[in-house]
Amino acid sequence: MQNYAEAIKDFVEKHATGLTVAVVAGVLALRRWLAGGVCRSKVRLDGKTVLITGANTGIGKETAMDMAKRGARVILACRDMTRARIAADEIRQQSGNGNVVVKKLDLSSLQSVRDLAKDVQESETRLDILINNAGIMMCPKWKTEDGFEMQFGVNHLGHFLLTNCLLDLLKKSTPSRVVIVSSLAHEKGRMEFDDINLDKDYHRMKSYRQSKLANVLFCRELASRLKDTGVTVYSLHPGVICTELGRHMFPTLALWQKILLRPITLFMKTPREGAQTTIYCAVDESQADVSGLYYSDCAPKSPAPNALDDEAAKKLWDISASMVGLA
């Protein structure tokens with residue numbers, strides 16, 4: 001055993017440089033593989049209008065940057081107007097596109113959603129791409145302004161109402177697209193139709209998974225209702241990304257979990273990498289006539305079986321419409 005250990009030590013010493021190069025190359029290859037797919041489309045969006053929720057940070061900001069570089073008029077719909085204006089300035093400077101505007105949107109308030117929709121309807125002549133990107137993850141049991149559970153309210157209900165309020169403008173601008181940012185977390189989600197606000201049994205992750213499943217079901221039902229209108233719909237998993245989305249989760253972790261998580265973040269996607277599937281769904285020409293599918297790493301993927309339940313999708317639509325006051 002001692003001779004074996006000495007042989008290994010001797011080999012490492014003699015081949016230190018080669019081994020170092022091999023390890024570094026392996027790490028870089030792994031990191032590149034984890035970065036996922038890249039949207040290769042070079043399509044221009046001159047004369048088009050794109051609205052992105054939660055576009056002042058993370059993948060929303062990177063998506064807005066990409067849309068601006070393609071020549072689109074980009075509307076950043078955000079809750080924090082100060083940060084949104086700073087982000088808009090950065091996007092204008094880096095993209096060379098001055099047609100980037102900021103509008104107020106608080107998805108935890110149905111009135112704020114209606115106010116934004118009215119503003120857009122009155123001030124914009126077209127809307128070619130709507131990207132429902134904003135979200136909240138694993139927060140405590142908070143309530144929205146209208147009394148809904150926060151994660152379901154922001155991640156699903158706010159976007160459900162916004163999309164429905166803007167459908168006429170989207171139809172007027174066909175071919176147009178609706179892109180809904182969901183998550184792999186939907187796979188373990190379950191729609192608690194008898195306790196949609198989880199008043200009886202609230203858990204942060206349970207709530208988040210339900211809201212992300214709602215995103216995929218919403219995409220499926222919306223696509224069905226918009227068949228042959230020229231408006232196509234896409235839902236997606238952006239990947240595991242190092243962004244502010246986890247700000248409510250990290251403080252709840254035990255010290256040992258935080259220590260283990262730190263090195264893992266090095267292998268998470270960057271916001272730019274995480275935005276690629278959103279961008280792909282928004283602009284790629286090959287997907288122009290496709291609707292209602294779920295995507296990951298710039299390619300269609302099969303969602304969880306519970307996300308393919310048409311009856312659940314219809315039931316969710318009816319319940320959501322009632323909750324937000326849609327006829």
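1. Helix 3 is followed by G71, whose phi is positive, near 95°. Helices (H or I, at least four residues) and strands (E, at least two) are DSSP runs, numbered from the N terminus. Residues are numbered from 1 along each chain as its sequence is written, and side-chain values use heavy atoms, with hydrogens and water left out. This is a predicted model: local features need pLDDT of at least 70, side-chain atom pairs count only at pLDDT 80 or more, and totals for chains, interfaces and linings use all residues.

2. Confidence. The pLDDT is the predictor's confidence in each residue, from 0 to 100. Its mean over the protein is 89, and 80% of the residues reach 70 or more. Over residues 26-33 the pLDDT is below 50; beyond near neighbours in sequence, this stretch has nine contacts (heavy atoms within 4.5 Å) in the model.

3. Helix 3 itself. It covers residues 58-69, twelve in number. From first C-alpha to last it reaches 17 Å, close to the 16 Å expected. The expected span is 1.5 Å times one less than the number of residues. Ten of the twelve residues are buried, so helix 3 is largely enclosed by the rest of the structure. Among them are G58, K61, D66 and A68. Buried means under 20% relative accessible area, exposed over 50%, partly exposed in between (1.4 Å probe, protein chains only).

4. Strand 4. Both faces of this strand, residues 129-132, are covered. I129 and I131 are buried on one side, L130 and N132 on the other. In a regular strand the side chains alternate between the two faces of the sheet.

5. Its neighbours. Strands pair if DSSP finds at least two bridges between them. Strand 1 (residues 49-53) runs parallel to strand 4, joined by three bridges. Strand 5 (residues 176-181) also pairs with strand 4 in the parallel sense, over four bridges. I131 stands opposite I52 in strand 1. In strand 5, the bridge partner of I131 is V179.

6. Cysteines. The whole structure has zero disulfides (pairs of cysteine sulfur atoms within 2.5 Å). For C219, the nearest cysteine sulfur, that of C281, is 8.7 Å away. C219 counts as buried, at 0% relative accessibility. The sulfur of C281 is 7.7 Å from the closest cysteine sulfur, in C298, too far for a bond. C281 is also buried, at 0% relative accessibility.

7. Overall. The protein has twelve helices and eight strands. Buried residues make up 50% of its 327 residues.
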